[in-house]
Amino acid sequence: MGLFTELRDSVSRVTNRLFSEDEQKRIGIYGPPNAGKTTLANRIARDWTGDAVGPESHVPHETRRARRKENVDIERNGKSVSIDIVDTPGVTTKVDYEEFLDYDIDEEDAVRRSREATEGVAEAMHWLREDVDGVIYVLDSTEDPFTQVNTMLVGIIESQDLPVLIFANKIDLDGSNVQQIANAFPQHETVELSALEGDNMDEVYDMIAEYFG
Amino acid sequence: MPEVKDPSDGVQIDLISGERMEGMTGMEKIRMILDGVREGNIVILEQGLTPDEESKLIEVTMTEITPADPEDFNGIEIETYPRGETDAGLFSRLMGKDESSKLTVIGPANQIETLHKDETLISALVSRK
């Protein structure tokens with residue numbers, strides 16, 4: 001093979017890798033602890049692959065490692081969008097083992113969970129800087145969205161020029177206020193849903209296909 | 001000015017000018033902030049951090065938390081005035097010039113509690129270590 005042919009093939013491989021529309025996109029599911037990220041990841045994974053991603057719990061920091069579910073093929077309007085879902089630990093700036101003691105967890109286990117939670121948050125930040133192509137930012141719509149962690153995280157996501165969708169979760173609960181979330185992040189599209197009950201999932205999948213397809 | 005005989009009698013507040021931060025690398029800024037906060041100080045930055053620096057601040061904070069002894073260090077509280085609506089262009093962002101004038105207050109989570117925050121006021125309660 002001639003030098004120019006080799007060079008042309010090499011350039012072609014690089015450009016194909018950079019610009020291929022078929023490349024699997026990794027979509028990170030981010031948000032504060034207890035927003036329902038794993039419930040959402042499981043809902044999406046179960047709907048399109050039949051498998052779950054990880055255990056769900058009302059105890060904060062249940063997800064302490066980022067988990068990736070590969071090859072989730074979502075079909076919308078006759079087209080198929082293939083993504084990897086990355087369920088990440090809830091992001092916070094502080095972790096205190098005593099918050100686990102309220103959930104009937106003994107002190108030794110609480111300290112271990114705290115240590116793992118800190119590692120998980122660090123891991124989630126690393127994924128965000130290096131390894132995701134788009135973000136679903138999940139918020140509990142019964143909670144105040146105007147927190148520093150939310151503001152910082154969305155700012156960090158924007159600075160990476162990543163496409164982002166805001167999901168206002170838990171609309172099945174009393175006190176849910178989707179408009180408050182839309183007001184907090186007017187620069188982004190907000191989609192309401194209940195990942196637990198499966199409410200409004202058609203719109204969720206339409207938006208995922210539109211933003212990340 | 002009242003005399004403080006023992007530093008543990010008071011809470012130290014470090015107001016750090018934008019000029020002092022200007023020549024520092026991201027990691028140097030983070031180290032300076034966390035060293036101060038871990039000593040129980042409240043650190044106020046005249047100019048905030050870039051999103052990338054904020055991301056690394058969270059990451060490094062997590063690696064320094066001592067879960068078995070939360071009295072020692074269990075993380076940070078951080079508050080910043082909301083970011084302006086101005087959408088900096090790509091060139092400004094590449095040059096790192098989109099984060100000016102973002103007053104930021106950072107303190108140890110086990111000593112600082114945000115009482116109130118709006119677009120023009122951050123009110124915090126600080127306890128001694």
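## A crossing between two chains

Helix 4 of chain A passes helix 3 of chain B in a left-handed crossing, and this description, like the others below, comes from a predicted model. Two packed helices are described by the angle between their axes and the distance between the axes. For helix 4 of chain A and helix 3 of chain B, the angle is about 155 degrees and the axes are 8 Å apart. Because angles over 145 degrees count as roughly antiparallel, these two helices, helix 4 of chain A and helix 3 of chain B, are roughly antiparallel to each other.

On the side of chain A, the residues that make this contact are A:Thr118, A:Val121, A:Ala122, A:Met125, A:His126, A:Leu128 and A:Arg129 of helix 4, while helix 3 of chain B brings B:Ser55, B:Ile58, B:Glu59, B:Met62 and B:Thr63.

## Helix 4 of chain A

Helix 4 of chain A runs over residues 107-130, which makes 24 residues, and from its first C-alpha to its last it reaches 35 Å, close to the 34 Å expected at 1.5 Å a residue.

Several residues of this helix are buried, including A:Ala110, A:Arg113, A:Ser114, A:Ala117, A:Gly120 and A:Ala124. The buried residues of helix 4 of chain A pack against strand 1 (25-30), helix 3 (98-101) and helix 5 (148-159) of chain A, and also against helix 3 of chain B.

## The wider contact between the chains

Taken as a whole, the contact involves 23 residues from chain A and 23 residues from chain B. On the side of chain B that touches chain A, helix 3 (51-64) and strand 3 (76-80) of chain B each supply at least two residues, and the largest share, nine residues, comes from helix 3 of chain B. The residues on that side of chain B divide into 11 nonpolar, six polar and six charged.

## A proline in a loop of chain A

A:Pro163 is found in the loop between helix 5 and strand 5 (164-169) of chain A.

When its neighbours within four places in sequence are left aside, A:Pro163 is in contact with A:Gly134, A:Tyr211 and A:Phe212. The C-alpha atoms of A:Pro163 and A:Ile136 are separated by 8.6 Å, although the two residues are 27 residues apart along the chain.

Definitions and conventions
Residues numbered from 1 in each chain as written. Chains lettered and ligands numbered in written order. Predicted model: local features only at pLDDT ≥ 70, side-chain atom pairs only at ≥ 80, totals over all residues. Contact = placed C-beta atoms within 7 Å. Helix = DSSP H or I, 4+ residues; strand = E, 2+ residues; numbered from the N terminus. Nonpolar A, V, L, I, M, F, W, Y, C, P; charged D, E, K, R; others polar. Expected span 1.5 Å × (residues − 1). Buried ≥ 20, exposed ≤ 12 C-beta atoms within 10 Å, placed from the backbone. Axes fitted to C-alpha atoms, helices over the stretch in contact; angles between N-to-C directions. Parallel < 35°, antiparallel > 145°, perpendicular 65-115°, else oblique. Left-handed = near helix turned anticlockwise from the far one by under 90°.
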